[in-house]
Amino acid sequence: MFDLDQLRSFTVLAAEKHFGRAAHRLFITQSALTRRIQQLEAELDVLLLNRSSRTVALTAAGETFLTHATAILSSSQEAVRAAREATGQPIGALSIGFDGATTYAFLPQLIARARDTFPALRLDFTEAGSQAQMTEVLFHRLDLGLVRPLPHDKALQMACVRREDLALALPITHRLAGKRRPQLQDLEDEAFVGYSEAGSYLRDLIGGELTHAGVTPRLVHEMGRAQAILSLVSTGAGLAIVPSDSRNACFDNVVFRPLPLRVKAELHAVWREDNRNPLLEPFRAMLERIES
């Protein structure tokens, strides 16, 4: 008997009246679409389409079958929705922004927790910096962003979802690599790779700790992201202070050591309070439990 793929192919072809355009919409080749329609006609033992070199037209039987095929597809979608609703789980999609730094640890945890908690929820991810994410959330192009706590428009709401230690990253051959618990004072006049304006939150956070300790390393490079900073550290260009999750970036010749600092790097969720996606609130509640 015919299957849903054949019915879906037939209804799309009936709408497009062109094998090439229909195949493009279905993400299959034109030859695969032709085979599906031929198989459907063979199953029904009815000619559904009149074909010419330029056009596709439904026969009288095709017109009648289209009405029923459309109803069957609609009914099948309702059956899937009803089955999912019976689980009591939210159904739908959320658009989520993230910064590259979250991929080291937090984002994999988030995705795993979301799959367990909301198996019918689709997450559409967009990678962008914190400022860009806040703009997208502000204009309703993202439901939620995962950002550093930067100044933001008053229409946006923010809440901390992760607090992360900072660590000293240094080449494995550096003299401090053998020291289990280095101090900030050890960085005095050391070549240092810092954050640039693109990473202003971490630049200011780390700079405040160095100033408080009265330490002035020798700044040799400034980069916007931990990945780029660690790339330079791996070449021996200098030392760096980065969020500890960055150790998952997997540079074999870079070692990480804890530092006695007063602060942690924070990651915040950002959203609009007037966002009407009903899935946002339960998703935010789940976010707050990831580290608990």
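The radius of gyration used here is taken over C-alpha atoms, and the globule rule is 2.2 Å times the number of residues to the power 0.38. For a compact globule of 292 residues that rule gives a value near 19 Å, but this chain has 28 Å. The model is predicted. The chain holds nine helices and twelve strands.

**Overall dimensions and surface**
- Along the principal axes, the C-alpha atoms fill a box of roughly 85 × 40 × 30 Å.
- Of the 292 residues, 44% are buried.
- The accessible surface of the chain is about 15600 Å². Carbon and sulfur atoms contribute 50% of that surface.
- Among contacts with a separation of 6 or more, 74% join residues 24 or more positions apart.

**Charge**
- The chain carries 33 positive and 34 negative side chains.
- The centres of these two sets lie 1 Å apart.

**Helix α7**
- Helix α7 covers residues 200-213, which is 14 residues.
- From first C-alpha to last, α7 reaches 20 Å, close to the 20 Å expected at 1.5 Å a residue.
- Its buried residues are Ser200, Tyr201, Leu202, Leu205, Ile206, Glu209 and Leu210.
- An α-helix has 3.6 residues a turn, so residues three or four places apart point the same way.

**Valine 12, in helix α1**
- Valine 12 sits in helix α1, residues 4-16.
- Valine 12 counts as buried because its relative accessibility is 9%, and the cut-off for buried is under 20%.
- Beyond its neighbours within four places in sequence, valine 12 is in contact with Ala22, Arg25 and Leu26.
- Proline 278 is 266 residues from valine 12 along the chain, and their C-alpha atoms are separated by 31 Å.

**Serine 234, in helix α8**
- Serine 234 belongs to helix α8, residues 226-234.
- Serine 234 also counts as buried, because its relative accessibility is 18% and the cut-off is under 20%.
- Leaving aside neighbours within four places in sequence, serine 234 is in contact with Phe251, Asn253 and Val254.

Conventions: Residues are numbered from 1 along each chain as its sequence is written. This is a predicted model: local features need pLDDT of at least 70, side-chain atom pairs count only at pLDDT 80 or more; totals for chains, interfaces and linings use all residues. Side-chain values use heavy atoms; hydrogens and water are left out. Helices (H or I, at least four residues) and strands (E, at least two) are DSSP runs, numbered from the N terminus. Buried means under 20% relative accessible area, exposed over 50%, partly exposed in between (1.4 Å probe, protein chains only). Contact means heavy atoms within 4.5 Å. Accessible areas come from the Shrake-Rupley method with a 1.4 Å probe; for residues, only the protein chains shown count as cover. Lys and Arg count as positive and Asp and Glu as negative; His and the chain ends are not counted. The place of a charge is taken as NZ of Lys, CZ of Arg, CG of Asp or CD of Glu. The expected span of a helix is 1.5 Å times one less than its number of residues.
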